Amino acid sequence: MRGHTGVNLIFDNLKILITTSRLKIFRKSKLSHAKEIWRHDVKKFIIRMIIVIPILLFITAFCLRNIKGNSVYYAKHTPHKEGTEPVLMMVVDNMDWIYTPEIDGIEYRFDGVNTIYNHSFTKITTPAFVSFGGGNYAYLNNLSEFYTFNIFFESKKDINKCDINNIKQEIYKIVQPVIDAQSEPRVNLQWLFDIVYKDKFN
């Protein structure tokens, strides 16, 4: 009886050992499978990012180039506060982006202080319209009179409304050839332009 009991004990221990070994193998297999799934998911994520990021960069660059390069056209149709002049602002602010062809009498200055000169109206001096980084603007007429404006195109001098309107008309005459040279965009992103420049013009 004792010998039989001893054999049973040995078999029981063997069963426990085999079961434990199987559990360890199962756990290792499960862990290995989980790692494999994780690696697969990471690879899929990386591949997606490799595809998605360049697409997003391309879309961002396209939209930026579009709204900057066509800003004069969009400015003609954008909502704005009364007195603000989106077209005049865009034509000098974005000179690095818009179409600036060679036009008889027109001279461009690109050095951080964007300026458009029109030699066709020269008398005492050559009239010029200037953007100081898009925050302030200046106009020098052909009689050497100098005017400055803020982003809402309000003069910093004590000038009545009638005179301000006359000055704006003069500025339009100076830069009109450049405005006329701008074409309609192939892809119209007026809605995006309106969102981006909403605060600036209002």
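Begin with the whole chain coloured by sequence position: of the contacts in the protein chain (heavy atoms within 4.5 Å) with a separation of 6 or more, 50% are made by residues 24 or more positions apart. The model is predicted, so local features need pLDDT of at least 70 and side-chain atom pairs count only at pLDDT 80 or more, while totals for chains, interfaces and linings use all residues. Residues are numbered from 1 along each chain as its sequence is written, and side-chain values use heavy atoms, with hydrogens and water left out.

Of the 202 residues in the protein chain, 33% are buried, where buried means under 20% relative accessible area, exposed over 50%, and partly exposed in between, with a 1.4 Å probe and protein chains only.

Select N66, which sits in helix 1 (residues 2-69) and is buried, its relative accessible area being 6%. Leaving aside residues up to four places away in sequence, N66 touches Y74, V187 and L189. With the side chains displayed, a polar contact of 2.5 Å can be drawn between those of N66 and Y74, and the side chain of N66 also reaches the backbone oxygen of V187 at 2.9 Å. A polar contact here is a pair of N or O atoms within 3.5 Å; within protein, one must be able to donate a hydrogen and the other to accept it, and residues adjacent in sequence count only if both atoms are side-chain atoms.

Move on to S144, in the loop between strand 4 (136-140) and strand 5 (146-149). Although S144 is not a glycine, it has a positive phi of about 70°, and with a relative accessible area of 38% this residue is partly exposed.

Methods:
Helix = DSSP H or I, 4+ residues; strand = E, 2+ residues; numbered from the N terminus.
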